[in-house]
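Student: I am new to this structure. Please show it to me, and then I will ask about it.

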Amino acid sequence: MTFERYEGDFAVIYDDNGRRTDVDRKLMPDGIKEGDRIESADGGYIISEENEKARERVANLQNSLWK
């Protein structure tokens with residue numbers, strides 16, 4: 001799933017099929033940013049490890065371009 005944005009008290013998320021779901025923003029992890037991949041866990045949501053790996057790949061690519 002992908003976090004899209006906040007609308008009032010709700011977080012707008014989309015699944016991989018493009019279906020929109022609105023969930024209570026209290027269930028979202030701290031520090032989430034638009035476009036972050038998330039997964040459900042323990043009655044809430046966490047930022048997916050997939051998201052962290054993608055960030056690392058982008059950072060490594062950027063670093064290699066500036067060397």
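The questions below go through strands, a ring contact and a helix.

Tutor: This is a predicted model, where local features need pLDDT of at least 70, side-chain atom pairs count only at pLDDT 80 or more, and totals for chains, interfaces and linings use all residues. Residues are numbered from 1 along each chain as its sequence is written, and side-chain values use heavy atoms, with hydrogens and water left out.

Student: How many bridges join strand S1 to strand S2?

Tutor: Strands are DSSP runs of E, at least two residues, numbered from the N terminus. Two strands pair if DSSP finds at least two bridges between them. S1 covers residues 2-7 and S2 residues 10-14, and they run antiparallel. The number of bridges is five.

Student: Which residue in the turn between S2 and S3 has a positive phi?

Tutor: This hairpin has five residues between its strands. The phi is about 85°, and the residue is Gly 18.

Student: Which residue lies over the face of Tyr 6?

Tutor: A charge sits over a ring if NZ of Lys or CZ of Arg is within 6 Å of the ring centre and within 35 degrees of the ring normal. Here the distance from the ring centre is 3.8 Å. The residue is Arg 25.

Student: What does helix H1 reach from its first C-alpha to its last?

Tutor: A helix is a DSSP run of H or I, at least four residues. The expected span is 1.5 Å times one less than the number of residues. H1 (residues 49-65) has 17 residues, with 24 Å expected. Its reach is close to that, at 25 Å.
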